[in-house]
Amino acid sequence: ATTEIYTLSLHDALPILPELKGVEPRALQSIGIIGGGTMGAGIATAALLAGFNVVLIEMKLDAAEAARARISGNLSGALKRGKISELQFKTLTTVALEVSINYDSLASVDLVIEAVFEEMDVKQAIFRDLDRLAKPGAILATNTSTLDVDAIAAMTSRPEDVLGMHFFSPANVMKLLEVVRGEKTADDALATAMAIGKKIGKVCAL
């Protein structure tokens, strides 16, 4: 029942675009994020505030703890501004957020957003791993602002699930989200990315 409700809410959030008319977004409750720097932590913050469960991946324990601190700091700002309660803050930073150094933690998420630095070799290696680890039907998104999404998608056996979701930093504040269609991106993957963007309070540009 929870999934069905969430699917309907995503459908309601889908921007009106002629090319996506009649396309149903995929059910989505959990988001994985690779990279816990300013960008990744900002995306995580926005997703948590929108009601998604978040799994954030870093490479080392100290980086993971730094990422958790960044997210907590962002959420503390929301608490001080009265956007969330103290109970919500505790829930978001504990129950809804998992920070891990193990890629296997992404095995059950519905969407993965890669948010590491702009180097093609690094991003391609990540997407080779995601192709092996992510569940069937999971959407695999890159936050790249300059690199070829199709070259990244080519590292997977499921380019239909790959697209770009380019946030602007700090991602929990800046409103614009560029959604990039790859040559083989499926319409329902695209519709899901657009709906998620709107649900987390972004102005989505396809």
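**Exercise 1. Is Ala41 buried or exposed, and at what relative accessibility?**

Solution. The model is predicted: local features need pLDDT of at least 70, side-chain atom pairs count only at pLDDT 80 or more, and totals for chains, interfaces and linings use all residues. Residues are numbered from 1 along each chain as its sequence is written, and side-chain values use heavy atoms, with hydrogens and water left out.

Step 1. Buried means under 20% relative accessible area, exposed over 50%, and partly exposed in between (1.4 Å probe, protein chains only).

Step 2. Ala41 has 1% relative accessibility, so Ala41 counts as buried.

Step 3. Ala41 is part of helix α2. Helices (H or I, at least four residues) and strands (E, at least two) are DSSP runs, numbered from the N terminus.

Step 4. Contact means heavy atoms within 4.5 Å. With its neighbours within four places in sequence left aside, Ala41 is in contact with Gly35, Gly36, Ala67, Arg70, Ile71 and Asn74.

Step 5. Ala115 is 74 residues from Ala41 in sequence, and their C-alpha atoms are 9.3 Å apart in space.

**Exercise 2. Describe the setting of Gly40.**

Solution. Step 1. Gly40 also sits in helix α2.

Step 2. The relative accessible area of Gly40 is 0%, so Gly40 is buried.

Step 3. Beyond its neighbours within four places in sequence, Gly40 is in contact with Ile33, Gly35, Leu56 and Ala115.

Step 4. Ala171 is 131 residues from Gly40 along the chain, yet 7.9 Å separates their C-alpha atoms.

**Exercise 3. Which residues touch the most other members of the largest nonpolar core?**

Solution. Step 1. A nonpolar core is a set of buried Ala, Val, Leu, Ile, Met, Phe, Trp, Tyr and Cys residues joined through side-chain atoms within 4.5 Å.

Step 2. The largest such core has 47 residues, and Ile31, Leu111, Met165 and Phe167 touch the most other members. Helix α2 (residues 38-49) gives the largest share of this core, seven residues.

Step 3. Another core, of 18 residues, lies apart from it and includes Ile57, Phe127, Leu133 and Ala134.

Step 4. For Met165, leaving out neighbours within four places in sequence, the contacts are Leu111, Ile113, Ala141, Thr142, Asn143, Leu177, Glu178 and Ala193.

**Exercise 4. Examine the loop between β6 and β7.**

Solution. Step 1. Pro170 is placed in the loop between β6 (162-167) and β7 (176-180). The peptide bond from Ser169 to Pro170 is cis, with omega near 0°.

Step 2. Met174 is found in the loop between β6 and β7 as well. Its relative accessible area is 37%, so Met174 is partly exposed.

Step 3. Apart from neighbours within four places in sequence, Met174 is in contact with Phe168, Ser169 and Lys202. Gly201 is 27 residues from Met174 in sequence and 9.5 Å from Met174 in space, C-alpha to C-alpha.

**Exercise 5. Is Asp121 buried or exposed?**

Solution. Step 1. Asp121 belongs to helix α5 (residues 120-133).

Step 2. With a relative accessible area of 56%, Asp121 is exposed.

Step 3. The C-alpha atoms of Asp121 and Glu24 are separated by 33 Å, and the two residues are 97 apart along the chain.

**Exercise 6. Why does the radius of gyration of the protein chain agree with a compact globule?**

Solution. Step 1. The radius of gyration is taken over C-alpha atoms, and the globule rule is 2.2 Å times the number of residues to the power 0.38.

Step 2. For 206 residues a compact globule would have a radius near 17 Å; the protein chain has 16 Å, which agrees.

Step 3. The C-alpha atoms fill a box of roughly 45 × 35 × 30 Å, taken along the principal axes. The protein chain contains seven helices and eight strands.

Step 4. Of the 206 residues, 50% count as buried. Among contacts between residues at least 6 apart in sequence, 66% join residues at least 24 apart.
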